[in-house]
Amino acid sequence: MKEVVVLTGAGQIGMAIARRISYGKKLIIGDKNVENAEIISKTMIEAGFDVEYLECDISSRTSIKNLIKTSQDYGEISNFINAAGVSPSQASIETILKVDLYGTAVLLEEIGKVIKKGGSGVTISSQSGHRMKQLGATIDEQLATTPTEELLDLDILQPENIKDTLHAYQLAKRCNVKRVMYEACKWGERNARINSISPGIIVTPLAIDEFNGPRGDFYKNMFANCPSGRPGTADEVANLAQLMLNENGAFITGSDFLIDGGATASYFYGKLKSK
């Protein structure tokens with residue numbers, strides 16, 4: 001039996017993180033698009049990693065439990081990486097809330113029940129959650145602590161109260177950050193840690209499609225006018241995640257880390273403020 005790393009979301013960011021922490025362990029990759037999981041698995045296997053993959057829809061608690069059960073067949077889950085989700089240009093308001101918000105909350109809850117004592121996890125949020133207006137202490141607490149099966153019943157998450165898919169995405173990512181804080185208290189009972197990372201524009205196949213799509217000028221303007229003057233890479237996100245997942249980050253839990261080249265800073269106080 002080996003220690004097990006569970007990765008949900010077979011994309012560039014998830015793979016980059018997995019490559020840093022999965023050597024000598026069993027890596028289980030779950031993705032709704034099983035072809036994506038197969039491609040990432042093949043790449044990892046050819047680089048010397050021990051990998052299995054399966055279909056997993058994080059909007060389904062049953063599917064998540066099946067992923068966990070399969071993972072436990074190989075050993076205890078020592079690390080968890082959630083890089084699954086949909087973007088504002090990919091899905092409807094309802095789907096974004098079901099996958100990015102509810103699905104992440106269920107993952108944090110279910111993995112937290114079984115994570116190895118002393119284990120660690122990270123979920124990928126987004127800079128978008130940092131750019132929306134403050135929601136207030138009452139709503140923040142609702143997003144953090146409402147039972148998962150009641151989350152989508154909250155007034156703030158009703159479709160008639162959401163302007164568009166970007167607004168839905170921002171709400172989902174704000175919820176991710178608050179949920180990590182809440183779940184960190186529970187994970188701590190197992191001496192385990194959970195954090196989130198909020199990346200800015202990271203170059204991936206999906207991002208390249210966005211650069212060339214209807215919102216391409218918006219994204220290009222964002223990274224051109226942020227302090228870094230460029231988009232980021234999956235490996236830069238993984239460098240941060242590695243710290244948060246290993247023993248060097250043993251005092252870090254319940255936290256969110258913004259890694260966006262200064263885009264959010266520029267949005268509030270720099271060149272992007274008036275653009």
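**Sheet, cores and helix packing in a predicted model**

Leaving aside neighbours within four places in sequence, T8 is in contact (heavy atoms within 4.5 Å) with G30, I58, L67, F80, I81, N82, A83, A84 and L107. The model is predicted: local features need pLDDT of at least 70, side-chain atom pairs count only at pLDDT 80 or more, and totals for chains, interfaces and linings use all residues. Residues are numbered from 1 along each chain as its sequence is written, and side-chain values use heavy atoms, with hydrogens and water left out.

T8 lies in strand β1. Helices (H or I, at least four residues) and strands (E, at least two) are DSSP runs, numbered from the N terminus. T8 is buried, at a relative accessible area of 0%. Buried means under 20% relative accessible area, exposed over 50%, and partly exposed in between, with a 1.4 Å probe and protein chains only. From T8 to E189 the C-alpha distance is 24 Å, across 181 residues of sequence.

Strand β1 belongs to an open sheet of seven strands. The order is β3-β2-β1-β4-β5-β6-β9, and the pairing is parallel. Two strands pair if DSSP finds at least two bridges between them. The edges are β3 (50-55) and β9 (256-259). Each has a single partner strand, so one side of each lacks a neighbour in the sheet. On average, neighbouring strands are turned by 20 degrees against each other, direction ignored. Within the sheet, β5 (residues 120-124) and β6 (residues 193-199) pair in the parallel sense over five bridges. T123 stands opposite S196 in β6.

The largest nonpolar core has 44 residues. Such a core is a set of buried Ala, Val, Leu, Ile, Met, Phe, Trp, Tyr and Cys residues joined through side-chain atoms within 4.5 Å. F80 and L157 have the most contacts inside this core. At least two core residues come from each of β1 (4-8), α3 (61-72), β4 (77-82), α4 (93-114) and α7 (165-187). Helix α4 gives the most, with 11 residues. Beyond its neighbours within four places in sequence, L157 touches L97, L101, L143, L151, L152, I162 and L171. A second, separate core has 28 residues, including A18, L27, F49 and L245. In soluble globular proteins, nonpolar side chains tend to be buried together.

Helices α4 and α7 also meet each other. Their axes come within 9 Å and cross at roughly 10 degrees. This makes α4 roughly parallel to α7. Axes are lines fitted to C-alpha atoms, for helices over the stretch in contact, and angles run from 0 to 180 degrees between N-to-C directions. Angles under 35 degrees count as roughly parallel, over 145 as roughly antiparallel, 65 to 115 as roughly perpendicular and the rest as oblique. Among the residues that meet are L97, L101 and L108 in α4, and L171, A172 and W187 in α7. By class, this contact has 14 nonpolar, four polar and five charged residues. Helix α7 also lies across β4, β5, β6 and β9, running at about 165 degrees to β6.

A91 is found in the loop between β4 and α4. A91 is buried, with a relative accessible area of 15%. Apart from neighbours within four places in sequence, A91 is in contact with V86, I96 and T165.

Definitions and conventions. Nonpolar A, V, L, I, M, F, W, Y, C, P; charged D, E, K, R; others polar.
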